[in-house]
Amino acid sequence: MLPETLGGLAAAAGVLGLCVGSFLNVVIHRLPKMMEQEWHGQCAELRGETLPPAAEPLSLAKPRSRCPDCGHQITAIENIPLISYLLILRGKCSGCKAPISPRYPIIEALTGLLSAYVAWHFGPTLQAVGALALIWSLIALAAIDLDTQLLPDSITLPLLWLGLGFNLWATYTDLSSAVVGAMLGYLALWSVFWLFKLATGKEGMGYGDFKLLAALGAWLGWSMLPAIILLSSVVGAAVGITLIVAARHGRNVPIPFGPYLAAAGGIALFWGESITRSYLGLIG
């Protein structure tokens with residue numbers, strides 16, 4: 001494909017990514033709250049209680065986004081990715097002038113840049129379509145885990161099945177490798193979880209981490225799992241040590257592992273084969 005055509009495709013994917021990033025901000029903010037509402041309802045049902053209906057049921061579509069401080073509803077012009085935050089609102093609510101978290105434009109910019117790179121890297125292929133879905137899901141999961149230390153099943157489980165679906169046509173790996181990857185991905189961290197719990201009596205990670213690694217195995221195959229585990233462990237250890245030493249982060253305060261798995265999965269998606277060849281060359 002001509003570089004000009006590929007550049008146009010990347011630009012279009014980048015604009016699409018900016019819009020998707022705006023939606024991901026809604027998912028990151030609301031999905032944990034929706035899960036909490038559901039858990040309260042289930043607990044009440046088990047106790048034989050009836051919870052009063054919520055005044056305004058929460059979903060990803062309703063109610064409209066609003067300022068948490070003054071309740072000002074976000075207008076269409078205030079919801080343009082990046083431009084609204086930087087040029088129109090200048091980082092503050094138009095109603096009460098309360099500061100808006102910079103995480104919103106960061107998520108939008110990151111999603112846009114990675115979407116553009118996906119299009120540039122894979123071109124107009126089925127691989128690009130799947131990679132966009134994978135990258136968008138990983139961004140949402142990483143941010144939710146950072147906020148709440150949760151990796152929602154409503155994202156990880158469909159992501160696993162979607163990876164197997166794409167690999168019916170050997171999009172990233174053959175189907176047998178994808179199935180084995182899903183199995184080994186789950187069992188690898190499940191085994192670490194139980195070994196750590198038997199040795200210390202504590203839980204070292206959550207079940208969502210097992211499911212996320214299983215999903216990455218379903219997308220990229222079992223051969224990518226060592227690289228993903230190694231990359232996520234090295235980055236996680238480095239960040240954890242830095243937080244403990246520099247920021248005086250308590251050793252007993254849990255650090256979510258999902259963002260490091262997500263980052264490692266993204267790296268493996270783009271450069272996993274090169275990393276694996278280099279690693280095997282070093283040890284061989």
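**Cysteines and their surroundings**

Guide: A search of the whole structure finds zero disulfides. The cut-off for a disulfide is a pair of cysteine sulfur atoms within 2.5 Å. Cys-67 is in none; its nearest cysteine sulfur belongs to Cys-93, 3.7 Å away. Cys-67 counts as buried, at 8% relative accessibility. Buried means under 20% relative accessible area, exposed over 50%, and partly exposed in between (1.4 Å probe, protein chains only). Cys-70 is in no disulfide either; the nearest cysteine sulfur is that of Cys-96, 3.6 Å away. Cys-70 is partly exposed, with a relative accessible area of 40%.

This is a predicted model: local features need pLDDT of at least 70, side-chain atom pairs count only at pLDDT 80 or more, and totals for chains, interfaces and linings use all residues. Residues are numbered from 1 along each chain as its sequence is written, and side-chain values use heavy atoms, leaving out hydrogens and water.

Cys-93 turns up again beside Ile-100. Ile-100 touches Tyr-85, Leu-89, Gly-91, Lys-92 and Cys-93, leaving aside residues up to four places away in sequence. Contact here means heavy atoms within 4.5 Å. Ile-100 sits in the loop between helix H2 (83–88) and H3. Helices are DSSP runs (H or I, at least four residues), numbered from the N terminus. Ile-100 is partly exposed, at 23% relative accessible area. From Ile-100 to Ile-229 is 129 residues in sequence and 35 Å in space, C-alpha to C-alpha.

Now the core. The largest nonpolar core has 54 residues, of which Val-118, Ile-228 and Leu-269 touch the most other members. Such a core is a set of buried Ala, Val, Leu, Ile, Met, Phe, Trp, Tyr and Cys residues joined through side-chain atoms within 4.5 Å. H4 gives the largest share of this core, 13 residues. Ile-228 touches Leu-213, Leu-216, Leu-220, Leu-261, Ala-264, Gly-265 and Ala-268, again not counting residues up to four places away in sequence.

Last, the surface. A nonpolar patch there includes Leu-126, Trp-169, Trp-190 and Tyr-207, and its members together have about 1,200 Å² of accessible area. Areas come from the Shrake-Rupley method with a 1.4 Å probe; for residues, only the protein chains shown count as cover. Patch residues have over 30% relative accessible area and no salt bridge, and nonpolar side chains are joined within 5 Å. A salt bridge is a side-chain nitrogen of Lys or Arg within 4 Å of a carboxyl oxygen of Asp or Glu. H6 supplies the largest share of the patch, seven residues. Trp-169 lies in the loop between H5 and H6. Trp-169 is exposed, at 63% relative accessible area.

Definitions and conventions: Helix = DSSP H or I, 4+ residues; strand = E, 2+ residues; numbered from the N terminus. Patch = residues over 30% accessible without salt bridge, like charges linked within 9 Å, V, L, I, M, F, W, Y side chains within 5 Å.
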